[in-house]
Amino acid sequence: MNGPMPARIPLDDACLPCGADVDLLLEQTAQGRGADRDAHQQRCVHCQAALGEFTALWEPVAEMAAAPVSVPPGLAAAVMRQVRHLVRDIWYTLEITELGAVRIAARIVAALARDSARMIPGVRVALGRSTHGKGAALAEKATFGHRHPHAAVGVLGRTAVVDLAVVIGYGDPAHQVAREIQRHVTATLRDQLGLRDVTVNVTIDDVVDDDRR
Amino acid sequence: MEDAYLVARAREGYLDAYELLVQRHSAMAYRVALRLTGNHHDAQDIAQEALIAAWENLDQFRGGSSFSTWLYQIVTRRALNKVTRGRDARSLDLLPEIADPAMEPGDKAERNLAVDAVTDALLALPFPQRTVIVLHHFERLSYAEIASVTGATEPAVRSHLFRARRALAKTLEDWK
């Protein structure tokens, strides 16, 4: 197509005088295909002028897109420090000895608490549920694979708070069973894991009638 | 090692796996945040917060998209929050100055002017248009990937891109 060169870049128009879509021409140049001209564009002065101008306009954008961006060197390390901080503080016990630090994963505390609760006469089922604060909840959510299915626990330093939801047999004295769970779990965690302050919250969620089952 | 494998392990509590993901994707998180906000400090905050938020919400990541697409989504949302809070304290251009001894002083000055112009033009775009330009032309994401990041349809993404390119070209034309 022949004709006079366009006097201005038609960025306010939908189409060139030849009918070519301005948006498509911009897309073509922005995708680096300004030189890949179809049969019409090879003949059309309007398209050729627009493609040339758009290519020049887009050049600094393409240059900037291709240039590397310097990333702050400590970024990844700072992220992992924070993630570890969240996990370590909430999900490991910590005892400093003369030989170094001893950490015990919360899931170990949880497993031991659940198993020791199940040893108490009258307990039929011991299940866990999360009743922790916001920080513990976040860590629990993030590391849900580590969350023990049968006991919820929050630990910090040599202190542990364990929540146990239990089901007891029909006719068993609920209050006595709950007190016995608290005593036994506390003693177990102190003796076997070296924890100092242990709180065991027991919730009797249900009673079952063994004869009816 | 695939991202999907690392994500699966990270979800099980293996922090080493998440550390590899952070090492792989922190540069992207920072780069996108920098281009969307134009501010070095905001970009660093956004990237850091986004990567921690991703860890905190790993249980919500269903694997329907890639980890990087999910992270793009978190970064752009946080950048939008930062931008709409009205802060405007640009401390750094989108393109950090790189020493190039081969470049003549005149060329360098011209290039910096061009970089400034593109930076200004980009930041002058409405956030949705800026987002599609950054994701498509700077990050090389496809329309489908951008649709996944933004929750828009592919035609809507293309439409935003058309408008964004026109607006950017007009500003650059005025600058020239």
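Visitor: What percentage of the 176 residues in chain B do buried residues make up?
Guide: This is a predicted model, so every value here is computed from it. A residue counts as buried when its relative accessible area is under 20%. Chain B has 176 residues, and the buried share of them is 51%.

Visitor: How many helices and how many strands are there in chain B?
Guide: Read along the sequence, chain B follows the pattern α-α-α-α-α-α-α-α. The count for chain B is eight helices and zero strands.

Visitor: How far apart are the end C-alpha atoms of helix 3 of chain B?
Guide: Helix 3 covers residues 40-56 of chain B, which makes 17 residues. At 1.5 Å a residue, the helix should span 24 Å. The model agrees, because the end C-alpha atoms are apart by 24 Å.

Visitor: Which residue caps the N-terminal end of helix 3 of chain B?
Guide: Look for a side-chain oxygen that lies 2.9 Å from the backbone nitrogen of B:His41. The residue that supplies this oxygen is B:Asn39.

Visitor: Which residues in helix 3 of chain B are buried?
Guide: The test for buried is a relative accessible area under 20%. Among those that pass in helix 3 of chain B are B:Asp42, B:Ala43, B:Ile46, B:Ala47 and B:Ala50.

Visitor: How far does helix 4 of chain B reach from its first C-alpha to its last?
Guide: Helix 4 of chain B takes in residues 67-84, so it has 18 residues. At 1.5 Å a residue, 26 Å is expected. The reach in the model is close to that, at 26 Å.

Visitor: Is B:Arg140 buried or exposed?
Guide: B:Arg140 sits in the loop between helix 6 (127-138) and helix 7 (143-150) of chain B. B:Arg140 is not a glycine, yet has a positive phi of about 65 degrees. Its relative accessible area is 57%. The cut-off for exposed is over 50%, so B:Arg140 is exposed.

Visitor: What distance separates the C-alpha atoms of B:Phe138 and B:Arg35?
Guide: B:Phe138 belongs to helix 6 of chain B. It is buried, with a relative accessible area of 6%. Along the chain, B:Phe138 and B:Arg35 are 103 residues apart. Their C-alpha atoms are separated by 8.9 Å.

Visitor: How many salt bridges does a search of the whole structure find?
Guide: Side chains of opposite charge can pair when their charged atoms come close. The search runs over all chains, and the total is 10.

Visitor: Which residue of chain A meets B:Lys170 in a salt bridge?
Guide: The N to O distance in this salt bridge is 2.6 Å. B:Lys170 lies in helix 8 (residues 154-175) of chain B, while its partner lies in the segment before helix 1 (22-30) of chain A, so the pair joins two chains.

Visitor: Is A:Arg114 buried or exposed?
Guide: The side chains of A:Arg114 and A:Asp115 meet in a salt bridge, at 2.4 Å from N to O. A:Asp115 is partly exposed, with a relative accessible area of 34%. A:Arg114 has 11% relative accessibility, so A:Arg114 counts as buried.

Visitor: By about how many helical turns are A:Arg183 and A:Glu180 separated?
Guide: A:Arg183 forms a salt bridge with A:Glu180, and the closest N and O atoms are 3.2 Å apart. A:Arg183 is partly exposed at 45% relative accessible area, and A:Glu180 counts as partly exposed at 31%. The two are three residues apart in helix 7 of chain A, so their separation is about one helical turn.

Visitor: How many bridges join strand 5 of chain A to strand 6 of chain A?
Guide: Nine of the 11 residues of strand 5 are buried, so strand 5 of chain A is largely enclosed by the rest of the structure. In strand 6 of chain A, A:Val198 stands opposite A:Ala160. The two strands run parallel, and the number of bridges is 11.

Visitor: What accessible area do A:Tyr170, A:Ile204 and A:Val207 have together?
Guide: A:Tyr170 lies in the loop between strand 5 (159-169) and helix 7 (174-193) of chain A. A:Tyr170 counts as exposed, at 62% relative accessibility. With A:Ile204 and A:Val207, A:Tyr170 forms a nonpolar patch on the surface. Their accessible area together is about 290 Å².

Definitions and conventions. Residues are numbered from 1 along each chain as its sequence is written. Chains are lettered from A and ligands numbered from 1 in the order in which they are written. This is a predicted model: local features need pLDDT of at least 70, side-chain atom pairs count only at pLDDT 80 or more; totals for chains, interfaces and linings use all residues. Side-chain values use heavy atoms; hydrogens and water are left out. Helices (H or I, at least four residues) and strands (E, at least two) are DSSP runs, numbered from the N terminus. The expected span of a helix is 1.5 Å times one less than its number of residues. Buried means under 20% relative accessible area, exposed over 50%, partly exposed in between (1.4 Å probe, protein chains only). A polar contact is a pair of N or O atoms within 3.5 Å; within protein, one must be able to donate a hydrogen and the other to accept it, and residues adjacent in sequence count only if both atoms are side-chain atoms. Patches are made of residues with over 30% relative accessible area and no salt bridge: like charges are joined within 9 Å, nonpolar side chains (Val, Leu, Ile, Met, Phe, Trp, Tyr) within 5 Å. Accessible areas come from the Shrake-Rupley method with a 1.4 Å probe; for residues, only the protein chains shown count as cover. A salt bridge is a side-chain nitrogen of Lys or Arg within 4 Å of a carboxyl oxygen of Asp or Glu. Two strands pair if DSSP finds at least two bridges between them.
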